[in-house]
Amino acid sequence: MKIIECVQGSDQWHMARLGLPTASEFGRLVTPTGKPSAQADAYLHRLVAERLIGMPVDNDTDSPWMTRGSAMEAEAVAFYELQRGEDTRAVGFVTTDDGLAGASPDRLVGDDGLLEIKCPSAAVHVGYLLEVEPRKYWPQLQGQLWVTGRAWVDFLSYCPGLPPALVRYARDEEFIAKLAEAVPAFACSVEASYLRLAEMIGQRRTA
C-alpha cells in the first residue's frame, strides 16, 4: 500500500483520488452479496468525466450528514480509543501498490487494524444496533482491507444519546478475491475509455 499524506476532504485529497475507483464506491462494482453490480457503467462514466475535466463530480462531501460526521468524528475517535485501549492514526488517502485503486479509512489502528466511523441520524443508528452485520458497507469495509493489506476493521456507528454500535470484522478472503479481480479490470476500462475520449476530443479541437 502507498499512503498519500493529506487531510480527508481537502483539495489535495480530492485530487489524489480523482478518477480512481475507491473503496467507498466498490459496491458499484461488486454488491454486498458478491455479485457484479449494475451500477458499474454509471460509475465508469463518472470517473472518466473526472479525468477529462480535472475535477471531482457528484461531490457529496458538503452534505449535512457528511458535515455532521466530520464534526462528531473526534468525539467518536476518543470513545473508540478509550473503549479499545488503542491509539489510532489519521490517514489521508491510501492506494494499492499499483495505484489503480484507493481508500480513505477513518483511522489506522496499530499495525493490523482499521477504523471506519459512521455518525448517522438516530433512526439509521438504531438500524445498525439491530443489524448484526451492516452488509450495506461490506464492499467498502473489505475494500479498505484489500487496499491496505490489513487484517481487520472496526465498524463504529456513533450517535450521542444512544449506545454505540462497535463491531470488528476480519478479512473475508473470498469477497476480497472478487474485489481483486473486479476493481483492476474496472480501472483498466476507465483508462481505456478515458484515452479513447481524450483522443476524440483532441481530434475535434484540432479539426
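Guide: Strands of a sheet pair through backbone hydrogen bonds, either parallel or antiparallel. Here R107 stands opposite L115 in β6. Strand β5 (residues 107-109) and strand β6 (residues 113-118) run antiparallel and are joined by 3 bridges. Two strands count as paired if DSSP finds at least two bridges between them. Helices (H or I, at least four residues) and strands (E, at least two) are DSSP runs, numbered from the N terminus. The model is a predicted one, in which local features need pLDDT of at least 70 and side-chain atom pairs count only at pLDDT 80 or more, while totals for chains, interfaces and linings use all residues. Residues are numbered from 1 along each chain as its sequence is written, and side-chain values use heavy atoms, with hydrogens and water left out.

Visitor: In what order do the strands of the 5-strand sheet lie?

Guide: That open sheet has the order β2-β5-β6-β7-β8, and its pairing is mixed. At its edges lie β2 and β8, each of which pairs on one side only.

Visitor: What is the strand order in the sheet of 3 strands?

Guide: This open sheet has the order β1-β3-β4, with antiparallel pairing. Its edge strands are β1 and β4 (102-103), each pairing on one side only. Between β1 and strand β3 (residues 93-95) there are 3 bridges in the antiparallel sense, and I3 faces V94 of β3 as its opposite residue.

Visitor: How should I read a salt bridge, and how many are there?

Guide: A salt bridge is a side-chain nitrogen of Lys or Arg within 4 Å of a carboxyl oxygen of Asp or Glu. By this rule the count comes to 9. One of them joins the side chains of E5 and R89, at 2.5 Å from N to O. This pair links distant parts of the chain, 84 residues apart: E5 belongs to the loop between β1 (2-4) and α1 (11-16), and R89 to strand β2 (residues 88-89).

Visitor: Which residue forms a salt bridge with D154?

Guide: The partner of D154 is R168, with 2.8 Å from N to O. This pair too links distant parts of the chain, D154 being in strand β7 and R168 in strand β8, 14 residues apart. D154 has a relative accessible area of 0% and is therefore buried, whereas R168, at 38%, counts as partly exposed.

Visitor: Which residues are linked in a network of salt bridges?

Guide: The network links E25, R28 and R46. Within it, the closest N and O atoms of E25 and R28 are 2.6 Å apart. E25 is buried, with a relative accessible area of 16%, while R28 is partly exposed at 26%.

Visitor: Which residues does F26 contact beyond its neighbours within four places in sequence?

Guide: Contact means heavy atoms within 4.5 Å. With those neighbours left aside, F26 is in contact with P21, A101, G102, P139, G143, W146, V147, L179 and V183.

Visitor: How many residues of α5 are buried?

Guide: Helix α5 is mostly covered, with 11 of its 11 residues buried. Among them are W138, L141, L145 and W146. After α5 comes G149, whose phi is positive, near 75 degrees.

How values were computed: Buried < 20%, exposed > 50% of the residue type's maximum accessible area, 1.4 Å probe, protein only.
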